[in-house]
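Work through the exercises below with the structure open beside you. Try each task before you read its solution.

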Amino acid sequence: MTVTNSRTKNSKVGLSMADVLTLPPQQRKLVQWMLKNQPDGVTLSEAAYYLDLNQQATLALLDELLDQDFVQAILTRDDDLKYRVHLAPKLGIQQQQIQQTLSPGSPLAVIYNPSGEYAIQAGSRFEINITVTNKGAESALIDVFIDDLSPQLIQWCDAPHQRLALSPNSMSEVLFEFNVPITAIPSIYNYVIVVDAPMHYPEDTPIRHTAKLQVLPAIETVVRVSDPTFNVIPASSSRSPAPIPPGGILQLSINVHNRSDRVDRFRLTCADCHESWYTIRYPEGLETAGLVIPNMGLNLNPGETGQILLQFHPPLGTTAGVYYPTIRLYSANNPDLVLLDVVYVEILPSYLLNAELLTVIGRVRRKGGVFEIRLTNAGNTVREVVCTPIPADEDKVCTYVTTPPIIRVLPGEKAISQMTITPVKWWSRPIFGAGRLLNFRIELEDQKQYPLPNASLPGTVIWEARPWWQFLLVLLTVLGSIVAIAFLLWWLLKPPAPPKILRFQSSDAAYQQANNGSIRLNWQIRNPNTLQSLTLNGLFADGTAAVQPVVYNFNGQIPEELKPFCQIQTTLTCANIPTDARKPGDYIFELQAFNQKNPEEAADTIKTNTIKIIPIPPAKILEFASVKPIYQETQINLKTNNKISPDTIRLNWKISDLDKIKQLQIIGRSPEGVVNSQPQIYNFNEEIPNELKPFCRQQQNQLTCRSVPTNNRTAGDYIFELQVFTKTDTDKPSVLQKTDVIKVEPLPSQIVEFKINGSNPLPKYQILIDPQNQSKQAINLTWKVEGSSEMKVELLPAPGDIPRSGTILYPVNNQPSSETIILQATSPTGEKVSRSVTIETFSPPPQTLNPIQPQLPQLPTTQPTPPVIPPPPTAQNPSTTPGGTPSSTSPTPLPTSPTPSQPGTLSPLELPPGFD
């Protein structure tokens, strides 16, 4: 018997994580070991060996776990009793709720067990379990250690400082084991456990937990003499168990002695056995006169002894063997006291076994016969029977295969083994008749030498006679011999087979021009001994010739140019044959095989699929535009030596893959497509051209140019085109891009000066002429016009086109007349600016004397001076004087003509009408 503490049964079904942490140290240690290393269950001896306890003490621990439904007892096929942990459902959700309750809002949840004050005797060993859960969003390194303020416990602990690495939403356990020496001073020791994660949760850690450890004196426990005792009659042990025949009953008498000074009630249980295995009978009590009721316990007065009857009646199909159930006696006065004992019983074996041989296929022709050996175990022992077929005939014409050869039958079950009988000596098969009987028997042998009711099972199989159509085999054999001889003659006399192209393809479906490689071909030709030559043609996808045809001549051997690539055995195999196809495009190759007997006609022709040579990806124009959309034409300043005028169009561009560029060309055109700006060509020889260096820079294999001047010379509309030639381009650019329309607006036309004889004329300019003077007269015209360089200046009606500025002698008519001279400037956009003057020539009126008119007295006045026409400029350009000579003089008014108040102007009566 063993006395130990007991726990009340948990109302929940199964074991949760919270229950593990609250178990006593030895039970928790056992449960953790079973969960980690023995999930399928452990025996009593394995648990006792792990806990280093005797089996009685270990059985008491397991009994408490069974009462709480934390452990289940299972019976294996080998009749071994094992204990397995019974886990509760939804364990993870319950554990998470517990942790959230313990540390709400904190990324770390910590459970301490024991969590408060703990008492232990000196010389004992105890453990502290700490469960840490990382509820945060990141992985963390967590240090769990005993604070240095507890030096005594640090000395007793095997590993006072431990570290955990936890991923998010994961948990782990830390175990501190303490060996309290027997010389420890009995006292209360305070200790602090610190949980710290300074690198990942510095704001929420450290977490400190303070607890107490009480060390008690090292005093051995003594069983009180007032505890009740009991014994079992008849006594049993592992060496001499109590026998029970199959289906029988074993009655045990439990004598209970109440040694206490109080009336007590005792109750007996047997948790290791099913309720159908045993019956407990207590003495019946007499409550009232004439009424007898069953008692639910044994009532004993102080010092009395009572008896409880325990009957074991295992079911009839129970496996034979030794069982050792544990019985437990409960005391009503002391419910925490447990009295245990083990009863060893042996169920005697029964060897009833029925054997049958059933025929599945008993008549055979070409296949084998099939029989079944069926065993029925009516006993209570596990039977392993070996089935050995033995032929009963002398010549042994059959083979016997038994599957499985050993039949294992559990008590109360059936097992089947299948045996196949196959005739192997075909010549022994009967030709006529009803068939041949083949006799055999099955010998049964128990591997444990248990008795068998019938050790031999006889059987018979019938091998049927041959059918009549098998006589045709002889005829077929003769015909087959004739066909074989004919085929052999044909094989020896047949002409050699022509070559056959089995395979013709490229080593790769696509090639890169950047690798500077050519297309390589593979082919395989059967019957190479009759091959005369091979012709390889390369075509573009449109059917035009891509490469020159290549002819390989085979004069009984491989040509020299193909030896590095070809091997000849039963077939000619060539791999990686180079070709001259290197340019980008789609190719199709054709291979023709010519026979030695007919070299003029191809014996076989085959083409490849389309093979591509992918060109090098061209450089890309990422940006191309003008700095400004509109420019203004400026006057040409000859005094400054600026190479670039302000009206020069400037361009910006950005091009990728600078290392692929060979040349850039910039061409300016009008919207109609006419080139109006000379092409600018920039050659790239591993670096940026000198003329572009002030404007361009290289950055990560990109060319970025800003404000590059162009060759525009006149006003108008321009569209510039940037052409990029890569290193593989020949005559056409690989990429080009145009700008939008760029305008260069011309300067406005302006007539700065238009003079006659050095003065600004009025709209009507009158000239007095002398009709009697037949010499030519002329006026001096001077003008100056400003505007665009492409501006057109005209003097109408004659001489037409004139320069921007100049002076000419313009002849006038000697007869009275009127002529309009127009100075007109036309801009490149068609805008016109003009200035005109009307030249009138007149003669003076004739003078007549009136005799009647009295002579007026002469006043003392001065003689008026006739007007003087300024002479023309001395420096005259002969080329700018149409129709005149430098010696011509301006017309002079006659002295008899009326003199105007201001020379060179008209009198008020002669002025044209105008606005005030």
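A disulfide is a pair of cysteine sulfur atoms within 2.5 Å. Keep in mind that the model is predicted.

**Exercise 1. The disulfides**

Solution. 
- Step 1. Take cysteine 566. This residue is joined to cysteine 574, with an S to S distance of 1.9 Å.
- Step 2. Find the hand of that link. The angle about the S-S bond is 115°, and the link of cysteine 566 and cysteine 574 is right-handed.
- Step 3. Check burial. Cysteine 566 has a relative accessible area of 7% and is buried. Cysteine 574 is buried too, at 1%.
- Step 4. Turn to cysteine 696. Its disulfide partner is cysteine 705, and the two sulfur atoms are 1.8 Å apart.
- Step 5. Read the torsion. About the S-S bond of cysteine 696 and cysteine 705 it is about 110°, so this disulfide is right-handed.
- Step 6. Check burial again. Cysteine 696 is buried at 9% relative accessible area. Cysteine 705 counts as buried at 0%.
- Step 7. Write the pattern. With the bonded cysteines of the protein chain numbered in sequence order, the pairing is 1-2, 3-4.

**Exercise 2. Aromatic pairs**

Task: count the aromatic pairs, then classify two of them by distance and angle.

Solution. 
- Step 1. Set the rule. Ring centres must lie within 6.5 Å. Planes over 60 degrees apart count as edge-to-face, those under 30 as stacked, and the rest as tilted.
- Step 2. Count. The rule gives 16 aromatic pairs.
- Step 3. Take tryptophan 277 and tyrosine 323. Their ring centres are 5.3 Å apart and their planes stand at 70°, so the pair is edge-to-face.
- Step 4. Tryptophan 277 is in the loop between strand E14 (264–269) and strand E15 (278–281), while tyrosine 323 is in strand E20 (residues 321–323). The pair therefore ties together parts 46 residues apart in sequence.
- Step 5. Check burial. Tryptophan 277 and tyrosine 323 are both buried.
- Step 6. Take phenylalanine 504 and tryptophan 523. Their centres are 6.2 Å apart and their planes are at 50°, so this pair is tilted.
- Step 7. Phenylalanine 504 is part of strand E33 (residues 500–506), and tryptophan 523 is part of strand E35 (residues 520–526). The parts tied together are 19 residues apart in sequence.
- Step 8. Check burial. Phenylalanine 504 and tryptophan 523 are both buried.
- Step 9. Look for a cluster. Phe371, Tyr400 and Phe440 form one.

**Exercise 3. Charges over rings**

Task: which ring does the charged end of lysine 29 sit over, and which does arginine 267 lie over?

Solution. 
- Step 1. Lysine 29 has its charged end over the ring of tyrosine 50, 5.6 Å from the ring's centre.
- Step 2. Arginine 267 lies over the face of tyrosine 330, 4.5 Å from the ring centre.

**Exercise 4. Two open sheets**

Task: give the strand order of a sheet of three strands and of a sheet of four, and name the edge strands of each.

Solution. 
- Step 1. Order the three strands. They run E53-E55-E58, with antiparallel pairing.
- Step 2. Find the edges. Strand E53 (750–756) and strand E58 (805–812) each have a single partner strand, so one side of each lacks a neighbour in the sheet.
- Step 3. Look at one pairing. Strand E55 (residues 777–786) and E58 pair over eight bridges, in the antiparallel sense. Tryptophan 783 has glycine 806 in E58 as its bridge partner.
- Step 4. Order the four strands. They run E18-E14-E21-E22, and the pairing is antiparallel.
- Step 5. Find the edges here. They are strand E18 (298–300) and strand E22 (338–342), each with a single partner strand.
- Step 6. Read the twist. It averages 25° from one strand to the next.
- Step 7. Look at one pairing. E14 and strand E21 (residues 326–331) share four bridges in the antiparallel sense. Leucine 268 has leucine 329 in E21 as its bridge partner.

How values were computed
Residues are numbered from 1 along each chain as its sequence is written. This is a predicted model: local features need pLDDT of at least 70, side-chain atom pairs count only at pLDDT 80 or more; totals for chains, interfaces and linings use all residues. Side-chain values use heavy atoms; hydrogens and water are left out. Rings of Phe, Tyr and Trp (its six-membered ring) pair if their centres lie within 6.5 Å; planes under 30 degrees apart count as stacked, over 60 as edge-to-face and the rest as tilted. Buried means under 20% relative accessible area, exposed over 50%, partly exposed in between (1.4 Å probe, protein chains only). A charge sits over a ring if NZ of Lys or CZ of Arg is within 6 Å of the ring centre and within 35 degrees of the ring normal. Two strands pair if DSSP finds at least two bridges between them. Axes are lines fitted to C-alpha atoms, for helices over the stretch in contact, and angles run from 0 to 180 degrees between N-to-C directions.
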